Amino acid sequence: MSEEGEIEVNFLPWNSRGRFRKGSSILEAANELGVDVTSICGGRGFCGKCKVKILRGRENLNQLTESERRLLTDEEISGGYRLACQALAYG
């Protein structure tokens, strides 16, 4: 995979990081790195259990999905929370 088609994802506090194809979900990256993110619905955006806080790079993610608007509070959204299964990284 070329570097142009990749993004780097870093999970804190585990300091687990890896390179993934652009458009990968945060949940896919977590699973590949062995970072435990609960996803009862299997990453389909129904349960809301895979909530993560994005510390940096929010501008590099896709827009909020309808599932996220339904399952996250306004406070969580403004605080940088996303559903790992719905947040796709592009940069």
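Helices (H or I, at least four residues) and strands (E, at least two) are taken as DSSP runs and numbered from the N terminus. On that basis the chain holds three helices and six strands, and its elements follow the order β-β-β-α-β-α-α-β-β from the N terminus on. This is a predicted model, in which local features need pLDDT of at least 70 and side-chain atom pairs count only at pLDDT 80 or more, while totals for chains, interfaces and linings use all residues. Residues are numbered from 1 along each chain as its sequence is written, and side-chain values use heavy atoms, with hydrogens and water left out.

The C-alpha trace spans about 35 × 25 × 25 Å along its principal axes. Of the 91 residues, 41% count as buried, where buried means under 20% relative accessible area, exposed over 50% and partly exposed in between (1.4 Å probe, protein chains only). Among contacts (heavy atoms within 4.5 Å) with a separation of 6 or more, 46% are accounted for by residues 24 or more positions apart.

A disulfide is a pair of cysteine sulfur atoms within 2.5 Å, and by this rule the chain has zero disulfides. The sulfur of Cys-41 lies too far from its closest cysteine sulfur, that of Cys-47, for a bond, and Cys-50 is likewise in no disulfide.
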